[in-house]
Amino acid sequence: MPSANGTREITYVEAVREALTQAMQADERVFLIGEDIGVYGGAFGVSAGMHAQFGDQRVIDTPISEAAIVGACVGSALTGMRPVGEIQFMDFITLGMEQLVLQAAKVRFMFGGKASVPMVLRTPGGSGTGAAAQHSESLETWFTHVPGLKVVMPSSPYDAKGLLLAAIADENPVIFVEHKLLYKISGPVPEEPYTIPLGQPNIVRSGQHLTVVATSIMVQRAKQAAEELAKEGIELEIVDPRTLNPLDDTLMIQSVMKTGKALIVHESVKTSGYGAELAARIVESEAFDYLDAPVRRLAGLDIPIPYNRNLEYHAVPQVENIVAEARKLVRGEY
């Protein structure tokens, strides 16, 4: 039941669908395009019911061609539309890389701002569903390395709705990464449309002993770890970047200056992962003088995600890994 201000509990997938619906109701230039997003409602049910509501001119099924989806988004955005493409699994975004990296990211700069590509490319990413190496990757870091692309990675239903509406309104191409395991989580979300500015992180939990900077599903696992450690008197402060690029790192720097210790947690592989960028920002900042321990990273192993469920589980950070690493940092074991 909604509260007095219209906020109620809905799931992450419902929050994404509500943002898409409200954006399409507000602006006839917004349309959806992707594989099986029409009558079927998408591989994860994100667009369920939207084909019946908006019709096949605004909820467009495509052949199995990610290059065609991205290319159609780029072309239509250049002509004034605001497309929202869906890549069924993030792994297959690789098939649209030329359109994204060489075209979408650069057009606005190469034409001196006279043309823009206001498109959003949504894609489920991450492991945990037993879908093996070709359907479980976390490739978001690749796109943070491309000037001209924005990369958003919400960890809660509230953030998913507000950030998606902001992404659709943005004049730049935005990669919007939704972890598959987050789709079923619930949280408070206002009924009315609202936006969360891209680039602004969030303090998810306050604490004084250790700063944990976590992305996507790792924010939820960090929160569970914090509850465990609180029983021992260890209070974690959790920072969620929410937008990987661009990123205003002020909150993160201030948090590390307060706690004196930093642990960075993400699912993508450790080598050249997003945690390296965050660690560099911390040690290059004034927070360096406040560090009482090395900046530590917990990340995915440098392997393809295994099909075996036990191996898959241990390929990426879990709650118990965060608890153990945080405990060592706080106890001065590094």
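Predicted model: local features only at pLDDT ≥ 70, side-chain atom pairs only at ≥ 80, totals over all residues.
Visitor: Why is L102 called partly exposed?

Guide: The relative accessibility of L102 is 48%, and since buried means under 20% and exposed means over 50%, L102 falls in between and therefore counts as partly exposed.

Visitor: How far is L102 from M252, in sequence and in space?

Guide: L102 and M252 are 150 residues apart in sequence, and from C-alpha to C-alpha they are 32 Å apart in space.

Visitor: Helix α4 has a neighbour, helix α3; why are α3 and α4 described by the word they are given for their directions?

Guide: Helix α3, residues 66-78, and helix α4, residues 97-104, pack at an angle of about 25 degrees, with their axes 8 Å apart. Because angles under 35 degrees count as roughly parallel, α3 is called roughly parallel to α4.

Visitor: Which residues make that contact, and what classes do they belong to?

Guide: On the side of α3 the contact is made by A67, V70, G71 and V74, and on the side of α4 by Q99, L100 and A104; by class, the contact has 5 nonpolar, 2 polar and no charged residues.

Visitor: What makes β3 and β12 the edges of their sheet?

Guide: The sheet is open and has 7 strands in the order β3-β2-β4-β5-β7-β6-β12, with mixed pairing. Strands β3 (59-61) and β12 (243-245) each have a single partner strand, so one side of each is left without a neighbour in the sheet. Neighbouring strands of this sheet are turned by 20 degrees against each other on average, with direction ignored.

Visitor: How do you know that β2 and β3 pair?

Guide: Two strands pair if at least two bridges are found between them, and 3 bridges join β2, residues 30-34, to β3, so the two strands meet that requirement. Strands β2 and β3 run parallel, and within this pair G34 stands opposite D61 in β3.

Visitor: Which helices pack on this sheet or lie across its strands?

Guide: Helix α1, residues 12-26, packs on the sheet and touches β2, β3, β4, β5 and β7, with its direction making about 130 degrees with that of β2. Helix α7, residues 157-169, lies across β2, β4, β5, β6, β7 and β12, and runs at about 160 degrees to β7.

Visitor: Why is the contact between R242 and D159 called a salt bridge?

Guide: The side chains of R242 and D159 come to 3.1 Å, N to O, and because a salt bridge requires such a nitrogen and oxygen within 4 Å, the pair qualifies. R242 lies in the loop between β11 and β12 and D159 in helix α7, so the pair ties together parts that are 83 residues apart in sequence. Both R242 and D159 are buried.

Visitor: What makes E325 buried but R296, its salt-bridge partner, partly exposed?

Guide: R296 and E325 form a salt bridge in which the closest N and O atoms are 2.8 Å apart. E325 has a relative accessible area of 10%, which is under 20%, so E325 is buried, whereas R296 has 28%, which lies between 20% and 50%, so R296 is partly exposed. R296 lies in strand β14 and E325 in helix α12, so the pair ties together parts that are 29 residues apart in sequence.

Visitor: How many salt bridges are there, and which residues are linked in a network?

Guide: The count comes to 18 salt bridges, and R8, E18, K161 and E191 are linked in a network of them.

Visitor: What makes β9 and β14 the edges of the sheet of 5 strands?

Guide: This open sheet has the order β9-β11-β10-β13-β14, and its pairing is mixed. Strands β9 (202-205) and β14 each have a single partner strand, so one side of each is left without a neighbour in the sheet. The twist averages 25 degrees from one strand to the next.

Visitor: How do you know that β9 pairs with β11?

Guide: The requirement is at least two bridges, and 3 bridges join β9 to β11, so the strands count as paired; they run antiparallel, and R205 stands opposite I238 in β11.

Note on methods
Residues numbered from 1 in each chain as written. Heavy atoms only, no water. Helix = DSSP H or I, 4+ residues; strand = E, 2+ residues; numbered from the N terminus. Axes fitted to C-alpha atoms, helices over the stretch in contact; angles between N-to-C directions. Contact = heavy atoms within 4.5 Å. Parallel < 35°, antiparallel > 145°, perpendicular 65-115°, else oblique. Nonpolar A, V, L, I, M, F, W, Y, C, P; charged D, E, K, R; others polar. Buried < 20%, exposed > 50% of the residue type's maximum accessible area, 1.4 Å probe, protein only.
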